[in-house]
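Dear colleague,

Please find below the sequence and structure that I am handing over to you.

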Amino acid sequence: MAAAIRSPLPESTEMTQIKSSLKTSSQGPTPAVDLIIKFTLNNLSTTTPADSKSQTAVSVEKEYDSLLGVLKDAGLEATGRPGAQGSNEVLIFVRATELRIQSEIHRERYNMPFNVICARPKLTKKTDRMSDWLNGVASTRPSPRTPRDFSNEPIHPSERLRLVHSILTSPRTGSNVSITSSASAGSTAGLSPLPSPKAFPHVVGIFPPHDLAFNKNWLDKWSSKNHIMSIPPEELTLLKDHLGETVALYFAFLRYYFFALAFPTVVGALFYLLGWPYSGLYGTFIVTWSTLFVESWRIKERQYAVEWGTYGVHKVEVLRSEFQGDQMVVDKVTGVEKDFFPWWKTLGRQLATIPVLVVFAGVLATLISGIYAIEVVVGEVYSGPGKRFMTLVPTVLFAGLVPQFTALWNSTANKLTVWENHPHQTEHENSRTLKVFALNFFVAFGSLLLTSYIYIPFGGFLVPYILSHIPHHREKFSVGKSYAIDASKLHTQIVAYTLTNQITGAFLEIGLPFLTSLLFKKVAEVRQNHSEEKNRDVPVDDEDEKAFLERVRTESALPRYAVFADYSEMAMQFGYLTLFSVIWPVAPVWSFVNNFFELRSDAFKLTNQSQRPIPTREASIGPWLEVLGFITWIGTLTNASLVYLYRPHITHSSKTTSLLSSLTGVNLTLTHNNNNGTLIALSNMHVAQNSPSPISTIQATLFSALLVALATEHAYLIFRVCIRFILERVSWRDSEADVKVRGAVHEVRKVYLDEMGLREGPVRMAERSGKAEEARRVDEGEEREKE
């Protein structure tokens with residue numbers, strides 16, 4: 001705690017005073033680092049009076065010294081260095097001592113204090129149960145027999161980082177904690193929630209530095225010829241060991257999804273080449289495939305959980321730091337005292353958020369519908385001046401309003417989820433994910449649904465109706481006595497969403513951040529050169545740690561990696577394919593190609609364009625599995641209705657034109673396009689017969705389509721139950737993972753019998769219980785009575 005932090009930044013006197021007074025825990029090179037704490041000084045305002053700045057400097061210095069003291073008490077080594085140029089941050093490098101890590105390992109694995117294990121190396125089998133094993137977290141590891149059974153296992157980087165992060169963020173405790181009532185084996189720092197926890201408001205983030213050697217090896221392998229079409233399962237295990245189960249599970253899902261897409265890719269290409277859009281056979285196939293994919297992944301992720309030791313990990317999940325209990329209660333199973341919040345209160349709050357969601361969804365639906373109407377009117381019937389620029393208005397409105405509205409909902413959803421007060425982070429994330437996805441569903445699929453079920457059936461009536469409410473300048477709208485509905489609109493939209501959007505998304509996800517990072521790097525170099533010219537007398541970084549500090553400062557400015565965004569992208573792609581690929585059967589081909597690059601680009605994004613994620617343990621992709629199931633269910637409705645409405649019907653090819661013409665008294669035509677040999681079947685939409693009026697004809701047509709969709713949906717529900725029943729027995733029952741799960745329960749009971757000396761023959765057990773002697777006396781008495 002002797003060396004002062006050097007500051008090369010041109011700062012105010014007060015800022016320099018703070019940094020010069022913040023002390024490090026050691027001199028010389030920065031030690032090996034587990035995690036890095038970002039300590040900001042940005043709350044100092046340039047408008048603050050001089051005396052207040054001085055007081056603030058003293059306050060910040062005290063907070064910094066207090067933080068270092070807390071870290072030391074928790075068995076952590078800490079040293080500070082200046083942050084990046086202009087960031088006004090101090091980076092505190094934290095590493096846990098080996099004693100503290102072993103304490104945490106034995107707490108998690110054995111559920112007993114490390115000092116007790118050290119003092120008593122020959123413990124009975126009954127006292128050395130692991131916390132995971134005790135709570136039924138199944139894995140491929142054998143059950144422990146002695147304390148050394150797991151002590152010799154290597155501690156993987158992800159496990160170490162997760163434990164150190166737990167020490168930093170668990171609620172503040174002292175050193176005298178019970179190993180059965182605490183989430184940690186010693187003192188904890190209480191740096192949660194982030195940013196700005198209550199005790200240390202200047203702490204704004206925690207992140208681990210990237211492992212450059214692992215990153216390079218990962219990218220080199222996955223881009224090599226040996227991994228072009230196959231990512232070996234062992235690679236996923238390496239990901240789990242370095243980045244944690246949550247990240248590994250995402251890449252396992254993406255890998256599984258990529259291989260599963262091979263089937264609709266081949267079938268879709270075949271239907272496309274044959275020129276069969278809106279095929280009932282293809283619609284049946286795509287619903288069957290999506291059901292099989294979701295249900296088979298449900299089994300696959302369970303197998304990964306057993307292999308990686310996270311099956312049932314929710315049983316040992318600690319309470320969220322933000323969780324607020326009404327009272328303290330004693331757990332009836334473990335005897336541990338814990339915060340308690342009634343489940344019915346959480347449920348009540350969840351139900352109370354539904355009206356808020358409905359309001360937001362209604363406003364968003366109205367907004368999207370309005371923009372869609374403007375797009376149709378301006379793009380198809382407007383013929384006034386500036387048409388080229390007017391056609392950009394819908395795009396500008398959508399880009400300017402919809403993202404802002406969804407961002408407002410995301411912020412609201414976060415606050416509502418916090419208010420629900422879920423005890424565990426998994427439940428919290430599940431609730432937040434479903435809320436956010438609900439509105440993202442409208443944004444992603446709203447336009448396609450409007451085209452399919454509003455524009456094409458009712459466009460000939462609605463467009464003239466909208467124009468009739470424009471009071472002036474009707475001469476600028478070329479309706480006249482002829483109005484042609486754009487028959488290719490549905491096809492054009494699905495092409496744009498499945499092809500153009502994926503290319504644009506790849507650029508926004510990889511290309512734009514890459515260009516932005518280059519720009520920021522150039523700006524930083526200019527600022528640093530300017531700073532060095534003005535501060536030539538300020539010490540610079542030590543040469544032996546300069547390269548490391550420059551890299552870490554760059555990483556500190558990177559965004560946090562959010563697996564939520566990657567899952568959301570894949571869920572939306574799955575939605576376009578499942579819901580609407582019957583329009584354009586070749587869509588799965590582009591998804592397959594996209595995901596080939598997605599596997600590599602996501603790895604590049606994680607290693608080069610975001611901070612290394614904090615490892616967490618997960619046994620499932622969680623709410624995203626339910627999202628995929630929901631999309632599959634909706635897919636049965638859309639596929640059945642689209643096939644019913646738009647599959648070519650030769651006997652009714654001329655009905656639609658006369659029907660829509662009679663709606664407004666003008667001569668309407670529907671274009672019968674053939675794009676590259678692919679029929680866009682809209683001019684022969686299936687129309688109900690024998691209706692008294694044109695509008696009732698369309699209503700009857702849509703109602704018939706709804707009945708067909710509901711019938712298909714009921715068939716899907718039965719089919720899903722059958723598929724789940726079959727896959728459970730074919731892929732899970734008696735598999736290696738299932739045997740391990742059931743064997744763990746059996747072994748617990750077997751070991752218990754061993755410890756109690758009860759694994760003996762039935763005759764010997766009867767002898768030991770005293771019942772054998774008693775039975776002999778009874779038998780002898782009965783024999784005497786017979787005599």
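In this predicted model, K38 stands opposite L91 in β3. The strands concerned are β1, residues 35-40, and β3, residues 89-96, which pair in the antiparallel sense over six bridges.

This pair belongs to an open sheet of four strands, arranged in the order β2-β3-β1-β4 with antiparallel pairing. The edges are taken by β2 (76-82) and β4 (203-207); each has a single partner strand, so one side of each is left without a neighbour in the sheet. On average, neighbouring strands of the sheet are turned by 25 degrees against each other, direction ignored.

Two helices lie across the strands β1, β2, β3 and β4. Helix α7, formed by residues 157-169, runs at about 35 degrees to β1. Helix α18, formed by residues 543-556, runs at about 110 degrees to β3.

A further point concerns a pair of helices. Two packed helices are described by the angle between their axes and the distance between the axes. For helix α10 (residues 245-260) and helix α11 (residues 262-274), the axes come within 4 Å and cross at roughly 30 degrees. Angles under 35 degrees count as roughly parallel, and α10 and α11 are therefore roughly parallel to each other. In their contact, F258, F259 and A260 of α10 meet A262, F263 and P264 of α11. The residues of this contact divide into six nonpolar, no polar and no charged.

With kind regards

Methods: Residues numbered from 1 in each chain as written. Predicted model: local features only at pLDDT ≥ 70, side-chain atom pairs only at ≥ 80, totals over all residues. Heavy atoms only, no water. Pairing = 2+ DSSP bridges. Axes fitted to C-alpha atoms, helices over the stretch in contact; angles between N-to-C directions. Contact = heavy atoms within 4.5 Å. Parallel < 35°, antiparallel > 145°, perpendicular 65-115°, else oblique. Nonpolar A, V, L, I, M, F, W, Y, C, P; charged D, E, K, R; others polar.
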